[in-house]
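Hi,

Here is the structure I said I would pass on. Have a look at it first, and then read my notes below.

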Amino acid sequence: ARHPGDSRAMILKARALSGLDRHSAADSLFEQVAVQSNGFPDDVEALRAWATSLLHLKPWPRAISILETLSHCAPSDAETLQRLTVARIHLKRYGPALDGAAKLATIPGREDEANVMIAAIHHDKGDARAALEAWERVLKHNPNAENLQVAPAEALLMVGVNVLGSGNPQRAADLLERSLRQSPSARAYVLLGQAYSQTDRVEEAIQAWRSALAIEDLNITARE
């Protein structure tokens, strides 16, 4: 059996490897420590580093296991909550992901980030109304959708998608126009064309679809 000091040295080396973005090597070393120690030492910083490497490598079940262990050690740590929620979303574990995001939303300064994740979860579940409610909470305090985990143009586009789906093409057009001012995209132009067409702005709809074709000539939806 190794001396406890050997495990400590291995942990320090693994943390250093993780910090250098050598995530596969870090993961292997952390795993060796866990096997040799019949578990893993109660070391919050080591667990954070291991979680970082696993999130880069994307074996989501293992990442969730480490993050859940870490959350027991630091239950109010916002970064752990955020990472755990992201990993759960990737595995479509929507119930626990919503629980984690809701808890993250109670932490000052993390509300918008949490509501973006809540919107994404509801969108993936096909619940457009709940997704829109989450986006509305974001825009209420952050009308320009700035400093989120997605770019402002993408955030405004996603809100526009949900607003259009909710039956409000006029507001959807406004959101999509704002998205396009930030960053033109074929998808936003296609959706804008749909919003215009639903409000009898036929010529503007045609122009929006032409703009989509100019960006992405093979966009089948715009062609149709």
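Predicted model: local features only at pLDDT ≥ 70, side-chain atom pairs only at ≥ 80, totals over all residues.

**What I found**

Setting aside neighbours within four places in sequence, Ile-215 is in contact with Pro-184, Ser-185, Ala-186 and Tyr-189 (contact means heavy atoms within 4.5 Å). Ile-215 sits in helix H12; helices here are DSSP runs of H or I with at least four residues, numbered from the N terminus. Ile-215 is partly exposed, with a relative accessible area of 44%. On that scale, buried is under 20% relative accessible area, exposed is over 50% and partly exposed is in between, using a 1.4 Å probe and protein chains only.

Residues are numbered from 1 along each chain as its sequence is written, and side-chain values use heavy atoms, with hydrogens and water left out.

Now the cores. A nonpolar core is a set of buried Ala, Val, Leu, Ile, Met, Phe, Trp, Tyr and Cys residues joined through side-chain atoms within 4.5 Å. Which members of the largest one touch the most others? They are Leu-104, Trp-135, Leu-148, Val-159 and Leu-192, out of 45 residues. H5, H6 (94-105), H7 (111-125), H8, H9, H10 (169-182), H11 and H12 each supply at least two residues of this core, and H11 gives the largest share, 8 residues. Val-159 is in contact with Leu-132, Trp-135, Leu-139 and Leu-175, again leaving aside neighbours within four places in sequence. There is also a second, separate core of 24 residues, with Ala-26, Ala-51, Trp-60 and Leu-67 among them.

Leu-104 turns up again beside Gln-82: not counting residues up to four places away in sequence, Gln-82 touches Leu-104, Arg-110, Glu-113 and Met-117. Gln-82 lies in helix H5 (residues 78-90) and is buried, at 16% relative accessible area.

Helix H3 (residues 44-57) is worth a look too. Its 14 residues should span 20 Å at 1.5 Å a residue, and its end C-alpha atoms are 20 Å apart, which agrees; the expected span is 1.5 Å times one less than the number of residues. Among the buried residues of H3 are Trp-50, Ala-51 and Leu-54. At the start of H3, a side-chain oxygen of Asp-43 comes within 3.3 Å of the backbone nitrogen of Glu-45. Lys-58 follows H3 and has a positive phi, near 70°.

Are they buried or exposed? Ala-145, in the loop between H8 (128-141) and H9 (152-165), is buried at 0% relative accessible area. Asp-200, in the loop between H11 (186-198) and H12 (202-215), is exposed at 69%.

Last, the largest pocket: its lining includes Val-116, His-123, Trp-135, Glu-154 and Arg-187. The elements that give two or more residues to that lining are H7 and H9.

Cheers

Notes
Polar contact = N/O pair within 3.5 Å; in protein donor to acceptor, adjacent residues only side chain to side chain. 1 Å grid on protein atoms, 1.4 Å probe; cavity = no way out; pocket = protein on both sides within 12 Å on 5 of 7 lines; lining within 4 Å.
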